[in-house]
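Subject: Structure handover

Hi,

Here is the structure I promised to pass on. My notes on the helix packing and the confidence follow below it.

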Amino acid sequence: MAGCAGGPAATGATPAVPGPDTSGSAAPASVPASVAAPGSFNPADVMFLQMMVTHHGQGLELVRLAQSRAQRTEVRILAAAIDVTQTEEQETMRGWLRSWGEPTEADPNAHAHADHGGLPATGPEQIAALGRASGADFESAFLNLLIAHQHNAVEMARNETTFGQNPEARALAGRIDQSRTAQINQMLAMLG
């Protein structure tokens, strides 16, 4: 995991062994991007936020294609809602990373992520292929690609709730797990 953190641990960081938070503290339902995630953090928190910022950027590319190209209103509405949510989450995560003195995105070098399965990737090739699709083919390709993409987000969020220490980052991961799971179920129904 050390390759993902992007640098030395910031002041207030705990040892490099990730573990669950046992403080029992509750996180607020929503934390504005301008507010730093207080408290200590560990490498798992940093890795989660950096990788999720990168992952959100890929997701935003996908949903912005769908907002103008999807045929069904329900698909366009879902894409617009995801755009708003992930833009806000991305700003919040970058704010926390900056306040911790950490880089705001994952190291783009794939070798830095080999120990934990690689970067979250909806690659440029997949996004370009989606951009070439149209009509019903576009919607089907979009929904299938976004289902896989959001499943990756659920996996990263569950890893954070298990190994992260920062209460706010763990609470965000819990919300991401719940919302992306609901989105996946909604998209599966759309594929019907």
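In α2, Asp 45, Phe 48, Leu 49, Met 52 and His 56 make the contacts. Their partners in α6 are Ala 169, Arg 170, Leu 172, Ala 173, Ile 176 and Arg 180. By class, this contact has 7 nonpolar, 1 polar and 3 charged residues.

Now the geometry. Helix α2 covers residues 43-69, and helix α6 covers residues 167-191. Their axes come within 11 Å and cross at roughly 40°. The two helices are therefore oblique to each other. The crossing is left-handed.

A second pair is α3 (residues 73-99) and α5 (residues 135-163). Here the axes come within 12 Å, with a crossing angle of roughly 35°. α3 also passes α5 in a left-handed crossing. On the α3 side, the contact uses Val 75, Ala 79, Ile 82 and Gln 86. On the α5 side, Glu 139, Phe 142, Leu 146 and Gln 150 meet them. That contact divides into 5 nonpolar, 2 polar and 1 charged residues.

Next, confidence. Bear in mind that this is a predicted model. The protein chain averages a pLDDT of 81, and 73% of the residues score at least 70. Among the elements, α6 has the highest mean pLDDT, at 98. The lowest mean, 40, belongs to helix α1 (residues 2-5). Across residues 1-34 the pLDDT is below 50. This stretch still has 63 contacts in the model beyond near neighbours in sequence.

Over to you.

Best wishes

How values were computed:
Residues numbered from 1 in each chain as written. Predicted model: local features only at pLDDT ≥ 70, side-chain atom pairs only at ≥ 80, totals over all residues. Heavy atoms only, no water. pLDDT = per-residue confidence, 0-100. Helix = DSSP H or I, 4+ residues; strand = E, 2+ residues; numbered from the N terminus. Contact = heavy atoms within 4.5 Å. Axes fitted to C-alpha atoms, helices over the stretch in contact; angles between N-to-C directions. Parallel < 35°, antiparallel > 145°, perpendicular 65-115°, else oblique. Left-handed = near helix turned anticlockwise from the far one by under 90°. Nonpolar A, V, L, I, M, F, W, Y, C, P; charged D, E, K, R; others polar.
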